[in-house]
Amino acid sequence: MEFWSPLSLAILAAGFYMAWNLGANDLANAMATSVGSRALRIWQATLIAAVLNLVGAAFYGSRVTHTVAQGIVPIGSLEPHILALGALAVLLAAATFLITATHWGLPVSTTHAIVGAMAGFGIVAIGPGRVAWGVLGKIVASWLISPLIGGLVAFFIYTIFRHLILARVSDAGLPQVERVFALLQIASASYVAFAHGSNDVANAIGPLAAVFGFVDQGTPTWLLLFGGAGIAIGTGTWGYRVMRTVGREITRITPVSGFSAEISAASSILVFSSLGLPISTTHTVVGAVIGIGLASGIEALNLRTIRNILLSWLFTVPAAAGLAALLFLVFRGVGL
Amino acid sequence: MKTPIARLLARSPFRALEQHAEAACATVEQLGRVVRAYVAGEEFSIAAVSRLEHEADEIKSEIRAHLPSGLLMPVSRSDLLEFLWQQDEIADYSQSTAKILSLLRPELPRELEESLLELNEKMLQTSKVYLQMIGELSDVLETAFAKRQVDDVVQRLAEVNRLEHEADELENHAIELIYQAEEMGDFARYHMLRVVFQMGEVVDHLENAGGRLRIMISR
């Protein structure tokens, strides 16, 4: 694949847009519990998010990227040009779907959209029989398991803090406990940003790695940096606004709850990153926050969000798959 | 734009419950001023009592409106609503007491005047301790219902209960005085009985609301 062709530049631009979008929306969302506990100022959260996410992407992002690039669709048999058209179709389909869904206020996941789009492309490009349904099944199962693990871990961690610290603190000592945990939240927020980078960077550069990577040789580092930088720019140019809105609207979370939610969600995300499974970081954070709520650590949670998330699961994959398949057929049909 | 996490983190009703308690206890405090002016035979207005009662009502409606059934809270939704209802009764009875007071000011025996003032002070004291108890609620939530913090609330509640008992005795004494005051007209005595019963209801509901709070936070 020639690097400086218009097609490859279009793919890079689409990948950059996806990265920017991840930084502007998803990462801001992952950092919400830090902003919600007032542990971090917006600019601090933005800086931590941008830097640690880039580190996570560069050092730990290759496994998930590998799965997105060639785990779902065995790309070895495809010609480079077809692959390039496919990557462009996948990115544009996912982006279009996300823009539309966000416009309607639906809590859709970037990960689900990209995975669905890759599968849709695979079905029309190599035939449904050769799509790696086993891998796809494992990925879909991980979408269910990751919020549950995040929730379970969060429930136990918060319960431990509750019995070991909160149950023993005096009225006078309570503000001090709060201050300590507010400081600890700088670390846990960094951990979340790192975990986010390690998993979500694949959504932007997975399709790029299929085009520019060398099959079975892992993800080129420059691509991981490219994705991480795109996310950082998204956070810096737009994500801080989302965080500001979240910080204003959100119910206050105590630093102990925020810290527990963050380390649980980040640990859960990292487990799936090391397994190379692309999961929704947002849904994992949602699971962790609910775990804290079940342990009496949050004053009020709107559980209808769960219903909306589950509904969004049902249509994200088919819609993104259909759109990617359609775009690919159009691109190939017009002789791009 | 609302992110999924921002949607998940619903508006907490607990801060509003505190504001509702503040409004309810401010109504009691205004009633206290009305009673003092009434006994002193001065001019008074019950407008402030009505305004505060209305404020409490609005906070109550606001809390109810933002309490959908799919809300996960560390306390039961029905316990919370029961507590809110009892706390709102504090403001309601304060307002109706002020209203009744404003309708008639008969000539009162000196002893009854003093008895009314004593009952009034006891009512105000109970309301003050009640509000302190509500102030402890945020620490209870902050520590996820740590025993020590729940005990702080329970101790305040014991004080509220003790004050309510003392108010009961003062109420009984005032009733006796009204029964003995044969020089007063029958309707004037009926009127004063209503006033005393109503003041007793205000204190009773401070106690009841405290009891409901305890049920809400105990586990």
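Tutor: A note on the model and its numbering comes before the features. This is a predicted model, in which local features need pLDDT of at least 70 and side-chain atom pairs count only at pLDDT 80 or more, while totals for chains, interfaces and linings use all residues. Residues are numbered from 1 along each chain as its sequence is written, and chains are lettered from A and ligands numbered from 1 in the order in which they are written.

Student: What does the secondary structure of chain A come to?

Tutor: Helices (H or I, at least four residues) and strands (E, at least two) are DSSP runs, numbered from the N terminus. Chain A has 12 helices and one strand. In sequence order the pattern is α-α-α-α-α-α-α-α-α-α-α-β-α.

Student: What percentage of the residues of chain A count as buried?

Tutor: A residue is buried if 20 or more other C-beta atoms lie within 10 Å of its own, exposed if 12 or fewer, and partly exposed in between, with C-beta atoms placed from the backbone. In chain A, 60% of the 336 residues are buried.

Student: How many residues of chain A are in contact with chain B?

Tutor: Two residues are in contact if their C-beta atoms, placed from the backbone, lie within 7 Å. Here 34 residues of chain A contact 27 residues of chain B. The largest share of chain A's side, five residues, comes from α11(A).

Student: Which strand of chain B is joined to β1(A)?

Tutor: Strands pair if DSSP finds at least two bridges between them. Two bridges join β1(A) to β1 of chain B (residues 71-72), and the strands run antiparallel. Leu301(A) has Leu72(B) as its bridge partner.

Student: Where is Val39(B) found?

Tutor: Val39(B) lies in helix α2 (residues 14-40) of chain B. Val39(B) counts as partly exposed because it has 18 C-beta neighbours inside 10 Å. Leaving out residues up to four places away in sequence, Val39(B) touches Glu113(B), Leu116(B) and Leu117(B).
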